[in-house]
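Subject: Structure handover

Hello,

The structure we discussed is below, with the sequence. My notes on it follow.

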Amino acid sequence: MPGGSPTAYLLWSILSTLFFSFHLYHLWSYDRFQCLNWHQSGRKPGAFKRFMSATLSCLVCFGVAFTYFKFQEGFMTIPGGQITPVPLEYYAAQNKKWLLPLLLVLSVAWGCELVTHLEEFAFWLFLQNQGPATRLWFKSGEFRFWRWGTLLALIGMPLTTFVSRRQLDSCLAWTLLVGSSASTATSLAFLYVLSRFPAFIRRVKDDGAAPNVVLRLVYFYQLNVGRMIYRFLFSIPLFVLSLDGVQGSHSINNSAFWPDFLLMIGGIGSFVSSAITLLIFFPRSLMEELGYTVIAVVKSPSSVDLNRPPANSNQRPASPKNQVMPVFRAPSEPHSSDSGHDASPEYEPEDPSNAARPNSLEGNFRMQAWHTHDVETPSSESYVFDQRSRSLVRSRSEGHATTLHPYVRHLLRCISPADRPIQRFGYSGHQ
């Protein structure tokens with residue numbers, strides 16, 4: 001098994017280097033590499049992250065070094081006039097002595113890759129099998145399955161390379177065959193998890209999970225579908241290439257096209273699927289990093305709805321029952337000496353111990369606590385709807401200027417742009 005041209009392995013080295021750089025950048029942005037600590041208070045062990053980092057480190061080492069030796073040895077002409085890459089057995093002595101260590105590095109990297117694949121499968125299966133009684137991951141059957149699978153992968157892959165070391169071309173073929181067979185098996189097993197994912201999402205939604213949890217599960221489901229496609233693009237081409245290398249007339253490996261094509265497709269599938277895995281298990285939330293928070297506000301039947309015209313001047317109708325409104329919490333901007341106050345809203349924290357008022361303030365609007373910076377905020381004011389400016393303004397009869405209060409600027413989002421007669425009403429600024 002010549003094992004492909006130098007150009008095919010050059011693609012592997014480029015992809016591994018680029019993805020390793022992205023991996024470091026993502027973990028730095030995720031939590032400044034804190035997830036890689038062996039002991040960190042308040043966090044779960046970062047074994048998955050460390051296995052993934054070890055996999056990428058080994059792949060970069062193998063890809064760059066193997067590409068260098070491939071270009072050093074070049075091509076040769078075989079009987080019949082066909083030009084083919086120099087087989088590993090014909091390498092110069094100074095280069096050949098490095099091949100077995102590099103193949104062992106490849107087998108260790110593939111073993112770590114299988115560990116991450118098994119943990120993905122076992123963990124999603126553990127979540128889907130959760131029943132009314134809460135189970136612990138470290139005491140579950142899925143964790144025991146992953147633990148034994150980890151031992152088998154970390155021992156079996158290097159052992160395969162070591163046993164077949166007598167003939168280096170066959171050693172590479174057997175390493176690829178065992179690794180691709182195990183990767184294909186785990187991918188096929190993960191199809192069972194994907195088939196149960198829609199029902200799992202519906203069950204989580206029916207159990208009353210938060211909207212952001214349901215949305216994230218839907219997002220993960222879509223990413224997993226794409227990841228499985230690239231996982232098969234990684235394992236099946238290498239399985240075909242290695243199976244031809246260990247038996248038969250090696251018609252695929254002796255071709256000028258198929259070895260490079262299958263190696264390139266396998267490399268692209270491997271690193272794309274690994275990138276999707278990184279996004280699934282270490283998801284960054286830009287909204288949280290920038291200081292925003294989405295809060296689902298459920299309005300009670302007695303809540304005020306400005307989108308519906310009032311029945312009379314003294315009474316406003318209630319909004320539909322359990323209407324959910326997304327509320328965004330914006331980060332406070334630095335106080336400027338030029339401005340009188342900071343108009344960035346910060347929502348008052350809810351009191352979880354008060355079960356009678358979980359999401360509303362006894363029928364009133366959910367209020368914002370505005371930073372007024374020593375500017376006195378009136379406790380009770382009257383406002384009128386001005387048809388010309390299409391906004392709520394302070395009553396001129398009270399001697400105030402026609403300016404818009406910060407509370408009212410927020411409420412304007414809820415007001416319909418349709419023309420309405422001016423209605424005078426009181427609004428309480430603080431509870």
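In this predicted model, helices α5 and α6 are roughly antiparallel to each other. Their axes cross at roughly 160°, and an angle over 145 degrees counts as roughly antiparallel, so the pair falls in that class. The two axes come within 8 Å, and α5 passes α6 in a right-handed crossing. On the α5 side the residues involved are M157, T160 and T161; on the α6 side they are C171, W174, T175, V178 and G179. By class, this contact has 4 nonpolar and 4 polar residues, and no charged ones.

Helix α6, residues 168-206, also packs against helix α4, residues 99-128. The angle here is about 15° and the axes are 9 Å apart. Since angles under 35 degrees count as roughly parallel, α4 is roughly parallel to α6. The crossing of α4 with α6 is left-handed. Sorted by class, the residues of this contact are 22 nonpolar, 8 polar and 3 charged.

The remaining notes concern single residues.

E142 sits in α5, the helix that spans residues 141-163. Is E142 buried or exposed? Its relative accessibility is 10%, and buried means under 20%, so E142 counts as buried. The side chain of E142 has a polar contact with the side chain of R135, at 3.3 Å. Setting aside neighbours within four places in sequence, the residues in contact with E142 are A122, L125, F126, N129, R135 and W137.

S274 is part of helix α8, residues 258-281. With a relative accessibility of 5%, S274 counts as buried too. A polar atom of the S274 side chain lies 2.9 Å from the backbone oxygen of S270. If residues up to four places away in sequence are not counted, S274 touches F19, M52 and E113.

S21 belongs to helix α1, residues 6-31. Its side chain reaches the backbone oxygen of T17 at 3.0 Å. S21 has a relative accessible area of 41%, which makes it partly exposed. What is the C-alpha to C-alpha distance between S21 and L56? The answer is 9.7 Å in space, for two residues that are 35 apart in sequence.

H250 is in the loop between α7, residues 211-246, and α8. H250 is not a glycine, yet it has a positive phi of about 60°. Its relative accessibility is 26%, so H250 counts as partly exposed.

If you open the model for a first look, the contacts of α6 with α5 and with α4 can be viewed together.

Regards

Definitions and conventions:
Residues are numbered from 1 along each chain as its sequence is written. This is a predicted model: local features need pLDDT of at least 70, side-chain atom pairs count only at pLDDT 80 or more; totals for chains, interfaces and linings use all residues. Side-chain values use heavy atoms; hydrogens and water are left out. Axes are lines fitted to C-alpha atoms, for helices over the stretch in contact, and angles run from 0 to 180 degrees between N-to-C directions. Helices (H or I, at least four residues) and strands (E, at least two) are DSSP runs, numbered from the N terminus. Angles under 35 degrees count as roughly parallel, over 145 as roughly antiparallel, 65 to 115 as roughly perpendicular and the rest as oblique. A crossing is left-handed if the near helix is turned anticlockwise from the far one by less than a right angle, and right-handed if clockwise. Ala, Val, Leu, Ile, Met, Phe, Trp, Tyr, Cys and Pro count as nonpolar, Asp, Glu, Lys and Arg as charged, and the others, Gly among them, as polar. Buried means under 20% relative accessible area, exposed over 50%, partly exposed in between (1.4 Å probe, protein chains only). A polar contact is a pair of N or O atoms within 3.5 Å; within protein, one must be able to donate a hydrogen and the other to accept it, and residues adjacent in sequence count only if both atoms are side-chain atoms. Contact means heavy atoms within 4.5 Å.
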